[in-house]
Amino acid sequence: MQRFSTIGPVQKMKVFFKYVLCIPLIPLSVYYLICPSVRTLIGFIPMDKCTLKSAEMLILDNVVDASLDLGSRRDVQTCTSWKAPVIWEGMFDPDLYDQKHKMEGSSVALTVFAVGRYLDAYLGTFLNSSEQHFMPGLPVTYYVFTDVPEKVPDVELASQRTLKVIKVERSSRWQDISMMRMKTISDVIESDIRHRCTHVFCFDVDQVFTGRFGSEALGDSVALLHAHYYHLPATLFTYDRNRESRAYMETGDFYYHAAIFGGSWKSVKALTDACYQGILEDKRNNVEALWHDESHLNKYMWLHKPSRVLSPEYCWDTSIGYRSDIKVTRLLWAPKYYDKLRTS
């Protein structure tokens, strides 16, 4: 009791919730999904806090990062232990970022896979909402990977924005589609993107933009905090715990969502190459990572720290319910119809 009393209030809360939530991971996960009250309770677990006195102490992705107000959001974590920013509403001036990236000639490739029924269900909404909210004012090239190019909807594009459709083969299992996208992204970076874009963002298609997703998100290596895990202790993150898998992790910093990742084209190519090699080695050993490419992405980001972390504002799931720290939503999970859309 004496040792407990010497720690701060944030640590006390974390210790309390650690014991409250110290039950087997799979039952907890199931209960979490079916019980809104548990999701609400988890929202009260405090995040770690940034210990830097000024953004000038960050390892800067861009000189504009020195203008970030790390103390403006005392309810959340605004920097990492390796001095990368965690981007939240209220921390940045969007005009400063837009002006700087326009001066630097930044341009962005957006990759998205729309295979099988996912094209009909999601692609049109995804692209149209992206035109409204994704990287306003910057050149953007959409790379749509699909097995049915003729069904890609017509989208009215703004100036300096283009769309390329690339045919891919449809795998028999959705898990293989998910994992093999790493090689496909790497290949198109090498053949095309590196010659025309400075940055790459990779998205799942079953999402819809609802607010600014702008140049403040650009960095050398960009990861996203998973909306369902950012308040949980690391002991409850669903890393791959199978020692036979290349994605195996005993611990980590955060749990990242593979629905969005990005960075400079060089960094994204390095990530996708590493994940693909890990997936191939697992296949040779008859192993499949728990969350497929997401498990491999988390392993890579643990070994190669991202230079920029996006808050869950950048990919929010409304089923979680109200969270006081989510001031805006920039991208929302679309309704999931996995029983109808996934082939196996």
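This is a predicted model: local features need pLDDT of at least 70, side-chain atom pairs count only at pLDDT 80 or more; totals for chains, interfaces and linings use all residues.

Residues are numbered from 1 along each chain as its sequence is written, and side-chain values use heavy atoms, with hydrogens and water left out.

First, the cores. Buried means under 20% relative accessible area, exposed means over 50%, and partly exposed is in between, using a 1.4 Å probe and protein chains only. A nonpolar core is a set of buried Ala, Val, Leu, Ile, Met, Phe, Trp, Tyr and Cys residues joined through side-chain atoms within 4.5 Å. Which residues touch the most other members of the largest nonpolar core? They are Phe134, Met135, Phe201, Phe203 and Phe213, in a core of 87 residues. Helix α6, residues 117-133, gives the largest share of this core, six residues. Helices (H or I, at least four residues) and strands (E, at least two) are DSSP runs, numbered from the N terminus. Another core lies apart, with ten residues, including Ile45, Tyr229, Phe237 and Met249. In soluble globular proteins, nonpolar side chains tend to be buried together.

Next, the annotation. An unreviewed UniProt entry places the feature "binding site" at Phe113, Ala114, Val115, Tyr118, Asp204, Val205 and Asp206. These positions are spread over 94 residues of sequence, yet they cluster in space, with a largest C-alpha distance of 11.3 Å. UniProt positions are in the numbering used here, feature names are shortened, and annotations may be inferred rather than shown by experiment.

Two of these positions deserve a look. Val205 is in the loop between β5 (199-203) and β6 (207-209), and Asp206 lies in the loop between β5 and β6. Is Val205 buried or exposed? Val205 is buried, because its relative accessible area is 3%. Asp206 also counts as buried, at 7%. Contact means heavy atoms within 4.5 Å. Leaving aside neighbours within four places in sequence, Val205 contacts residues including Phe113, Ala114 and Tyr118.

Last, the cysteines. A disulfide is a pair of cysteine sulfur atoms within 2.5 Å, and the count comes to one. Cys50 is joined to Cys79, S to S 2.0 Å. The torsion about their S-S bond is about 100°, so the disulfide is right-handed. Cys50 and Cys79 are 29 residues apart, each in the loop between α4 (36-42) and β1 (86-87).
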